[in-house]
Amino acid sequence: MSSESFPPPLQPSFVLRGHSAQVHAVHFLKNNTRLLTADAEGWLVSWSLASKRPVAVWKAHDDAILGIGSWGHDRIITHGRDSKLAVWQLGPDEEASIGKTLPTNKPPITTAHPWLLHMLTVNTLNFCQFAMCLDDMPQPSTPHAAIEDSKHHPPILVAVPNTMDSGGIDIYQLPTQTRAAVIHADRDITTGMVMALIIQAESARLQVVAGYESGHTMVFVQSDPCAPFQRLYAAQSHSQPILSMAILPSRDGFLSSSADAVIAKHPLPVVPGVWKTELKPFKVIKTKHSGQQGLDVRSDGRIFATAGWDARVRVYSCKTLKELAVLKWHKVGCYATAFAEIAECCPIKTEVKLQIKQEEVPIKREVEEDVPIIKQEEDEAANQDEGALTHQASAVTTVQQRRESKAQSTHWLAVASKDGKVSLWDIY
């Protein structure tokens with residue numbers, strides 16, 4: 001068979017180089033205009049996806065960062081191995097005042113950082129990153145100022161491993177920074193430490209999904225804020241510790257991967273009638289590839305990706321769990337993946353027209369009879385220069401808009417690796 005029968009291997013569209021340590025987490029935010037990357041030395045970088053350049057760099061933690069997330073459009077959540085969970089204010093004003101020197105260039109640790117809004121002391125001995133969701137549970141009466149803030153930043157719930165019991169789970173509420181609930185370790189099943197978490201709140205029901213060191217996955221449900229959690233689902237689809245989990249956008253199931261070669265698709269207790277049958281995983285496949293982590297599902301629910309210890313990124317079908325693509329570029333193991341939001345990508349809003357012809361710019365020309373001809377020519381030249389400058393400014397704005405619009409609409413897949421690089425792929 002000729003070599004022409006084989007298509008060339010896929011290559012990343014862009015590679016972001018700037019971290020001097022292993023990159024542990026990646027996260028898209030602000031309608032795909034920004035990408036957050038976090039490394040093993042505690043540095044956090046916010047990249048502009050239009051220019052592929054850093055817009056904010058600061059040392060968020062004294063140790064490795066386990067996970068990152070966003071709360072609204074201007075709040076960043078970071079979870080570090082220094083037993084801290086921090087909430088940062090990162091709006092346009094903060095971006096303008098924060099340094100942009102990348103960690104590879106050894107910026108000073110004392111460089112400016114965003115406004116620190118909240119700080120929680122949490123358990124990080126499990127290597128388990130936090131999970132979060134909007135708090136849809138009934139809220140007590142709050143002051144008017146808190147109500148105004150909740151319009152832009154509604155309360156959230158954050159789940160982390162329990163401080164005292166590594167098999168238990170603590171749930172905190174922000175912005176109050178209070179512990180809202182505790183799930184104790186299961187007494188009937190030996191699970192070991194909590195390794196991965198998912199949390200979601202719907203009306204008066206709170207659901208928590210936990211993956212354990214033993215390979216078990218469990219679903220706990222609290223139907224009332226004052227009621228204890230009930231375990232409604234438990235399965236041991238994996239023989240090795242759970243490495244990552246992700247909920248499906250349809251919210252009728254979740255996926256899990258572990259240190260073994262198994263990927264499993266599980267049910268959630270939100271589908272009517274599913275609990276009338278025996279509680280089993282929907283589907284379990286053996287991929288022959290051990291150590292797949294950083295599992296992330298795209299917002300349309302069609303595909304998901306995993307980061308492999310073997311430096312490969314694999315893309316699967318959410319419906320069949322069939323392997324669709326293998327992305328190979330990194331030379332060492334990969335830690336995390338993240339898909340850009342594609343379900344509802346907001347267009348760029350601007351008051352400037354995308355295309356402005358020079359004749360569309362109104363030029364006021366009022367010449368009195370007694371004004372000399374030279375004065376008229378000077379005014380005409382000034383008006384022409386003004387029109388040319390307006391046209392040039394409009395052209396620059398148009399180029400920027402096109403770059404940002406393309407960045408927002410691209411089906412990005414970001415991959416974080418041990419080599420300190422982040423690859424950006426445009427697939428499917």
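1. Let's start inside the protein: Trp58 and Trp88 are both buried, where buried means under 20% relative accessible area, exposed means over 50% and partly exposed is in between (1.4 Å probe, protein chains only). A word on what you're looking at: this is a predicted model, where local features need pLDDT of at least 70 and side-chain atom pairs count only at pLDDT 80 or more, while totals for chains, interfaces and linings use all residues. Residues are numbered from 1 along each chain as its sequence is written, and side-chain values use heavy atoms, with hydrogens and water left out.

2. How many aromatic pairs are there? The count comes to four, using this rule: rings of Phe, Tyr and Trp (its six-membered ring) pair if their centres lie within 6.5 Å, with planes under 30 degrees apart called stacked, over 60 edge-to-face and the rest tilted. One of them is Trp58 with Trp88, an edge-to-face pair at 5.7 Å centre to centre and 65° between the planes. This pair ties together distant parts of the chain, since Trp58 is in strand S5 (residues 53-59) and Trp88 is in strand S8 (residues 84-89), 30 residues apart.

3. Next, have a look at Tyr233 and Phe254. Their ring centres are 6.5 Å apart and their planes meet at 85°, so this pair is edge-to-face. Here too distant parts of the chain are linked: Tyr233 belongs to strand S17 and Phe254 to strand S19 (residues 253-258), 21 residues apart. Both Tyr233 and Phe254 are buried.

4. Is Trp115 buried or exposed? Trp115 has 57% relative accessibility, so it counts as exposed. You'll find Trp115 in strand S9. Trp115 and Trp88 are 27 residues apart in sequence, yet 5.7 Å apart in space, C-alpha to C-alpha. Setting aside neighbours within four places in sequence, Trp115 is in contact (heavy atoms within 4.5 Å) with Val87, Trp88 and Gln89.

5. Now for the sheets. Strands of a sheet pair through backbone hydrogen bonds, either parallel or antiparallel. Strands (E, at least two residues) and helices (H or I, at least four) are DSSP runs, numbered from the N terminus, and two strands pair if DSSP finds at least two bridges between them. S6 and S7 (residues 75-80) share five bridges, and Ser70 stands opposite Ile76 in S7.

6. Another open sheet of four strands runs S14-S15-S16-S17, again with antiparallel pairing. Strands S14 (194-202) and S17 (230-236) are at the edges with a single partner strand each, so one side of each has no neighbour in the sheet.

7. Two charged side chains deserve a glance. The charged end of Lys52 sits over the ring of Phe14, 4.3 Å from its centre, and Arg75 lies over the face of Trp71, at 5.0 Å from the ring centre. The test is that NZ of Lys or CZ of Arg is within 6 Å of the ring centre and within 35 degrees of the ring normal.

8. Finally, zoom out. The protein chain has three helices and 28 strands, and buried residues make up 47% of its 428 residues.
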